[in-house]
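The following note collects points for discussion on the model shown below. Please read them alongside the sequence and the coordinates.

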Amino acid sequence: MEELVRFGVSISAHLLGQFDRLISGKGYVNRSEAIRDLIRKHLVEHEWEQDDKETLGTLTLLYNHHVRELSDRLEHLQHDHYHRIISTMHVHVDEQNCLEVMVLKGKPVEIRSLSDSILRVKGVKHGQLVMTSKGQELD
Ligand code: NI
């Protein structure tokens, strides 16, 4: 296991008070874990600003499968990009609505572009890309 390092931080009492209230509301029991999570969040954001490294994202999609040709179009898109879509979960929400969650792999620009082309298909009611990471540099 990686060696833990302690470091001191100078911060105004007011700012620290704000931070403590924020993290206690989120259920953190100590500042260290909250600070580690903040650092990881920024590292992931930074990763998505680079365009050279392969990363992971999930795309959530809600659509009405009764819309003409929509299911076909979505299926074609997924087959065209099968090498970037690791897995898809499909839930039949009710008689009309379908929810899909796709795990996407690739460089940030590739995942964004695929995600955008899926989200702009006519009939898609709602969707969102969650940008995450393969995690190797977040320990
Ligand atoms: Ni369905």
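1. Donors to a metal are taken here as N, O and S atoms within 2.8 Å of the metal, with 3.2 Å used for Na, K and Ca; water is not among the atoms, so sites may look incomplete. The model under review is a predicted one. In this model, the nickel ion is coordinated by three named atoms: NE2 of H90, ND1 of H92 and SG of C98, at 2.0 to 2.4 Å. Along the chain, these donors of the nickel ion follow the spacing H-x1-H-x5-C.

2. C98 counts as buried because its relative accessibility is 4%, under the 20% limit. H90 has a relative accessibility of 33% and therefore counts as partly exposed, as this value lies between the limits of 20% and 50%.

3. Strand 2 spans residues 85-92 and strand 3 spans residues 97-106; the two run antiparallel and are joined by 7 bridges. They form a hairpin, with 4 residues between strand 2 and strand 3. Within this pairing, T88 stands opposite M102 of strand 3.

4. A further point concerns D80, which is found in helix 3 (residues 70-80). With a relative accessible area of 55%, D80 is exposed, because the threshold for that class is over 50%. Between D80 and N97 there are 24 Å in space, C-alpha to C-alpha, for two residues that are 17 apart in sequence.

5. The largest pocket has a volume of about 970 Å³. Its lining comprises 23 residues, and those nearest the centre of the pocket are V5, F7, S32, I35 and R36. By class, the lining of the largest pocket contains 14 nonpolar, 7 charged and 2 polar residues.

6. Which helices each supply at least two residues of the lining of the largest pocket? They are helix 1 (13-25) and helix 2 (31-47). Helix 2 provides the largest share of this lining, with 8 residues.

7. On the overall organisation, the protein chain is divided into domain 1, covering 13-47, and domain 2, covering 55-131. The centres of domain 1 and domain 2, taken over C-alpha atoms, are separated by 32 Å.

Note on methods: Residues are numbered from 1 along each chain as its sequence is written. This is a predicted model: local features need pLDDT of at least 70, side-chain atom pairs count only at pLDDT 80 or more; totals for chains, interfaces and linings use all residues. Side-chain values use heavy atoms; hydrogens and water are left out. On a 1 Å grid over the protein atoms alone, a cavity is a set of points where a 1.4 Å probe fits but cannot get out, and a pocket is an open set with protein on both sides within 12 Å along at least five of seven lines; lining residues have an atom within 4 Å of a point. Grid points are joined across faces, edges and corners, and a volume is the space filled by probe spheres set on the points. Ala, Val, Leu, Ile, Met, Phe, Trp, Tyr, Cys and Pro count as nonpolar, Asp, Glu, Lys and Arg as charged, and the others, Gly among them, as polar. Domain bounds come from an automatic or database domain assignment. Two strands pair if DSSP finds at least two bridges between them. Buried means under 20% relative accessible area, exposed over 50%, partly exposed in between (1.4 Å probe, protein chains only).
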